[in-house]
Structures are given as C-alpha cells and as structure tokens.
Amino acid sequence: MVVPSSFAAGAGDPPPIPAARLGSAHSPVRPLLLWVRTGAAQVRLDSGPVLRLRAGEGAWIPADGWAERAIVTEPGTVAFPLWPHAGVGAWGLSDLTRFDVPSGWQDWLIQLFNLQVTPFSGRGYSPEAVEELLRRPGPRSTAPAGVGRSPRSERFAAAVMPRALGARAVAEELIRDPALDLTVEQWAVRVLSGARTLRRDFLADTGLTFEQWRLLCRLGAAVEFLAAGYDVDQVAARVGFASRNGLTRAFKGRFGLTPHEFGRQLSARPGAGTLTQRAAAAQQTDDLMRMMRRSDAPAAPELLPAASTPSHTNDIHVLSWMYRGSGYLDIGDQHYERERGVATWIPAEMEHVTGLRENSVSLPLGNASTADLQLTVPLQVRFSPAWDDYLMFCSISARSGLRPDDHNPRHVLDLFADQVAAQRALSLPMPTDPCARAVAMECLRRIGTPGGTHDDVDVGAEIHRAFRDETGMTLGRWRYAARMRIARDLLAGGAPPSAVARRTGYAHLSTFSAAFSRFHGLSPRDYQQRESERNQ
C-alpha cells in the first residue's frame, strides 16, 4: 500500500538555509567529527586559531580543551556532526585535525548519522566490506550476552523511559551517548526546564532518581560494548566512567561479576550475534576514524545494505524522510511503501517497523506531540530533489545541537503543512489575486489540522469576488471542493473512511459520507472499492 498522500512531486522552492552554531553551552564534552557536505564552517577551540572547512572536508574535534569552543556554519551550509564515543580518542588524535572525505563515503556518513539518532540497526556497509576497505587487523567478537548470570542488554532496552518532554529529551541523549557528564542543572538549561522539575519527572515516570537512571543506562551500554568486543578500558571511557575501577565496581554491584569476567564468559561461548544499534554505530565511527587517518583511503563500496528498526512504539509522532532509495513502514498488518523524496509522519502510540532496502538512506526530520498533530494513520508528502540540502539541515537541527540561534522545533510542522498545501493546490483551480490565493493556501494548509478548515475566517467582499471570477466557484464551494478532492486522494491511497473524515475536518463519519456522496456520486466505501478494483 502507498501511504495516503498528495500526488504531485514537491512543489515550490526550499527556504534558504540559515547559519547555525554549536557552542560549549549547547553540547556535552565529548569528541566530535564534523563533516561539511555543502557550504563552509569554522571551528575554534579555546583561543586557538580558526580552522576553516569547505565542502568535502571534515574535522576531528577532540574532547580535551573544550572549555571554550565554537562551531559556526555559514548560510547555505549542511554540516553533519558525528559523535565517536570517548574511547575513540585512543587512536591518538588529541589535536584539532582536518581531513578530506572522499565523495564515495558521503552517503555512508549520512547513514551513520541516521544510525546514531534513530532505532535503526545495521551498519553503513557490511563488516566484510569495511574490513576489506580499511584492511582492519581482524574481526571483533560479536558473541551475544546472556550466559549464566551474565547481564543482558535487553533488560535495558526495555527500561522505562520518562514521558515528560524535558526528561525524555535528556534520557534520549543519554541513550545515544551515556558518557555525557552534565549535571542536572546543565541538562535543565539544555531542555528549557528546571532542575527540580527534571528530578521530579525522572522519579515520577521511572521510579528512579536521575542518577540511578543514568547509571543503569551506562551499565546497559557497557554490556553492549563488551559484547561487541571492546576492552574494559575502552568501555569505561565510552559509557562515562572516569576509570576502569569505577566501571568494575558498578558492574559487579549490579551483576555480581566484573566486566572482565563477563568478557571471559563471552569468549568461552562464541556464536553468531547481532550488534545492537549503539554498538554498530560505535564500530562505524571507528571505521571512519581509520579512514580519516589513511591518506590513501580507497573507494567506498557501492551499496549500503538493508536495515530496519525493531518493532517499537513512539509516544510522539515522528517525521521520517527518504533521502535515497526506498523503504517501508509496517503497522500491524498494514504495509506502506516509502519512496525517494517522501517524508512520512509515523503516528504515535502505534507499534511499527521501519525498514530500508539495499542502497537506501532515510533521515528523521523532527517530532510532533499528539497535542500538536492529530494523526491516526501515516501521512506523507513528496519533496523534490531540490529540497535535499534543506531537509538534511532540518534533520541535523532536530537531532543535534548544531542549529540556528532561533531554532523552533515546531518548524517541521509548518514545513510539512506548507508543502502539503502547495501540492494540494496543484489539483484545484486557484485564484491568481494575491490576497485570495493567500486565503486559499491557508485553507489547504489547515485542512485536517487541529482547529478546523478555516471556515470560520471572515474575509472581505473582494476576496469572495476574486474566487467567483477566477475559479468559477464561491469561496464556500471552493472549500467544499478542496476537502472532497483531498478525501478522494486519501481514500484511493487506502486510508479508512473514518480516518479520512477526521483528516478533512468532519467530526462525524455520517456527515462526511453524505458530503462525499453528493460531490462524487458514490459513497466513500464504494469509491474506495472501485479504485481498489481498478488497481488490481
């Protein structure tokens, strides 16, 4: 099934990409790989010289000396921040270092960003291809945990997440990188909350204090990294312990055995295992570090392998965009296709699996709460390739601290609604008068959103006259036609009539069915059945 959507390719031009910055107050103390895809960026550590990066260049930014730092991108720039964990510093790169990114590796880096900020599992390339590419000394053990009293990462994957927005944002950041060592007060500044509120929300939603929750998060990550073959010193640095001894004490207190003993159990029972998403992303950044340190880095393999998320549920709506290739979304027994350029709202509170086919890449564009967006079935819109850079910028702004000073998380809602309206306009006669056209676009933009369909807006006589003269319909009839044509497209896409009624602004299915029958000459169900038979 194709997700219900408008049928035209992306309409309109993207907005200009503004400048962005990542400062010491907006990101934790950890190493960073910054890759500039388009445009230019500047990096400064403490009071040292400015490192200028152009498109195709990257920088290794060490954790040391980050007391004062600034990363600034120029307008029109798309720069991806990638987060190797602290253990990557063992490679010996302690200084700010520039490196070139071969063009064949660029989509690999975009997929690496996706792996770091979404539940996707898998690698940018198969382990065999990376080993051949980078001439690694040998494969790491990927034997699974779960022997005897051994800790199991699953018990952390199922850990209760706080539901309050600020606390959840903190928890998601810690899951992505448990080594973050900010105080509750520092976290509160980052998520626009209060320290007391954060502490209260963690305890109320999870039954654990913030410190207890963070410790469990770090120990869960330690299990994953140990199972992936990292040694105890590397694991301690990656998950936020100041020393090997600190990790050992906490690990033994939780599981009754030391990390070394746990690793020995894994070695004694080798077997085929699958890396967790976090461990896979960590190994990818290690591969990137190897590539960065080679002056003769060979060409990248041609294909990215398929990837998928585990079956899971979000308590917020998530907007996901297919940058390259194709994918799918499975909700229950419903299968939805996702094509290149299509952005899909994945509804909250619905168990689902998202997949990527071979040689495909997707990126998250942002989230919406159930209060901000009423959504019970997937909703999608298509963007043309001209939007690629801007949508990448939106993804980076939504999922990292590299963002404009005036960044508004709700921007993605407006962006999606504007594009939907622009595409809907292609199926309707539109007035050419600027004021009347603005009214028409706002009507299209608001159809199916909380607050109605713009029927309650009082417009002047000149607007009504423009609609009659330029579309052949009164404004009221034009609104009715817009809702019915959008309803037709949604039904043809497979959306249930009850969902279409809600999406087109009708409070009751019976009222919608009567209106649809008057306009199209048959009921919504009969129309949907006819279209289904035509497509068979």
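**Overall architecture and selected packing elements**

The accessible surface of the protein comes to about 23,300 Å², and carbon and sulfur atoms account for 50% of that area. The model is predicted. Its secondary structure consists of 19 helices and 16 strands. Of the 536 residues, 52% are buried. Contacts between residues at least 6 apart in sequence were also examined; 75% of them join residues at least 24 apart.

Strand 2 (residues 32–38) is joined to strand 7 by five bridges in the antiparallel sense. Within this pair, Thr-38 stands opposite Val-78 of strand 7.

A hairpin is built from strand 11 and strand 12, with two residues between them. Strand 11 covers residues 327–331 and strand 12 covers residues 334–338; the two run antiparallel and share five bridges. Tyr-328 faces Glu-337 of strand 12 across the pair. In the turn, Gly-332 has a positive phi of about 60°.

Helix 7 (residues 210–227) packs against helix 9 (residues 244–255) at an angle of about 95°, and their axes are 11 Å apart. Angles of 65 to 115 degrees count as roughly perpendicular, so helix 7 and helix 9 are roughly perpendicular to each other. On the helix 7 side, the contact involves Leu-215, Leu-216, Leu-219, Ala-222, Val-223 and Leu-226. Helix 9 contributes Leu-247, Ala-250, Phe-251, Arg-254 and Phe-255. By class, the residues of this contact are ten nonpolar, no polar and one charged.

Pro-259 belongs to helix 10 (residues 259–268). Its relative accessible area is 1%; a residue under 20% counts as buried, so Pro-259 is buried. Beyond residues up to four places away in sequence, Pro-259 touches Leu-226, Val-232, Leu-247, Thr-248 and Phe-251. Leu-226 lies in helix 7, and Leu-247 and Phe-251 lie in helix 9. Pro-259 and Ala-222 are 37 residues apart in sequence, with a C-alpha to C-alpha distance of 8.4 Å. Ala-222 is itself part of the contact of helix 7 with helix 9.

Terms used
Residues numbered from 1 in each chain as written. Predicted model: local features only at pLDDT ≥ 70, side-chain atom pairs only at ≥ 80, totals over all residues. Heavy atoms only, no water. Pairing = 2+ DSSP bridges. Helix = DSSP H or I, 4+ residues; strand = E, 2+ residues; numbered from the N terminus. Buried < 20%, exposed > 50% of the residue type's maximum accessible area, 1.4 Å probe, protein only. Contact = heavy atoms within 4.5 Å. Areas by Shrake-Rupley, 256 points an atom, 1.4 Å probe, with all protein chains shown as cover. Axes fitted to C-alpha atoms, helices over the stretch in contact; angles between N-to-C directions. Parallel < 35°, antiparallel > 145°, perpendicular 65-115°, else oblique. Nonpolar A, V, L, I, M, F, W, Y, C, P; charged D, E, K, R; others polar.
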